[in-house]
Amino acid sequence: VDQIQTAAGAAPTASDLGINTTGTVLQTVTHLTDDQTLTTSTTWADVGGSSVSFTPKFANSKIIFSYTPTYYVEQGWASVKMRLMDGTTNLMIGNDVFGFRKDMQANRTQYLYEYLSGRFEVVFNSWGTSAHTLKVQIQESNGQGQRSGVNSQGGDQHIVIQEIAG
């Protein structure tokens, strides 16, 4: 036997051979950025360096998008809110979440800055098998005009995208 084929003559899939691949990592894409993104606006803004093209291998898989920034907020009522966008369709994936929020009530001190490493993760169903660009967006969501963002001091931030067989 030189080649295994299905009855139709095609190359068999793992499923055709009776192999259960559910839960198996099908692929991992890593992306490294050191871009700084700061904002005082409640308008959503792209996080620099966060755009990553990804092509799922299967239409029925799960995708895990993980981003590990250092959040930054300053002053008294600052916050940084994040969301994952499909840049190809311009639709949000999952929900927006607070990356970090700081509330100082009375007698706030000026020039108080905070940095916090964290993880932003979204798990969602594959959109099919075409290439899409995924990107992270942020906003300062308290509306107080305080500056917030990610990676204000520079340094590496990792984005990891994994496809898990469904």
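Patches are made of residues with over 30% relative accessible area and no salt bridge, where like charges are joined within 9 Å and nonpolar side chains (Val, Leu, Ile, Met, Phe, Trp, Tyr) within 5 Å. The structure is a predicted model, in which local features need pLDDT of at least 70, side-chain atom pairs count only at pLDDT 80 or more, and totals for chains, interfaces and linings use all residues. Residues are numbered from 1 along each chain as its sequence is written, and side-chain values use heavy atoms, with hydrogens and water left out.

On the surface, Ile4, Leu17 and Ile19 form a nonpolar patch with about 300 Å² of accessible area together; areas come from the Shrake-Rupley method with a 1.4 Å probe, and for residues only the protein chains shown count as cover. Isoleucine 4 sits in the segment before β1 (25-33), strands being DSSP runs (E, at least two residues) numbered from the N terminus. With a relative accessible area of 55%, isoleucine 4 is exposed (buried means under 20%, exposed over 50%, partly exposed in between).

Turning to the charged side chains, the count comes to 3 salt bridges, each a side-chain nitrogen of Lys or Arg within 4 Å of a carboxyl oxygen of Asp or Glu. Lysine 135 pairs with aspartate 46, their closest N and O atoms being 3.3 Å apart. This pair links distant parts of the chain, since lysine 135 is in β11 (residues 132-139) and aspartate 46 in β3 (residues 45-46), 89 residues apart. Lysine 135 is buried at 15% relative accessibility, whereas aspartate 46 is partly exposed at 39%.

Lysine 81 and aspartate 96 meet in another bridge (3.5 Å, N to O). Lysine 81 lies in strand β7 and aspartate 96 in strand β8, so the pair ties together parts 15 residues apart in sequence. The side chains of arginine 119 and glutamate 121 also form a salt bridge, at 2.4 Å from N to O; arginine 119 is exposed at 56%.

Finally, asparagine 90, in the loop between β7 (79-86) and β8 (91-101), has a positive phi of about 60° although it is not a glycine.

Conventions: Helix = DSSP H or I, 4+ residues; strand = E, 2+ residues; numbered from the N terminus. Buried < 20%, exposed > 50% of the residue type's maximum accessible area, 1.4 Å probe, protein only.
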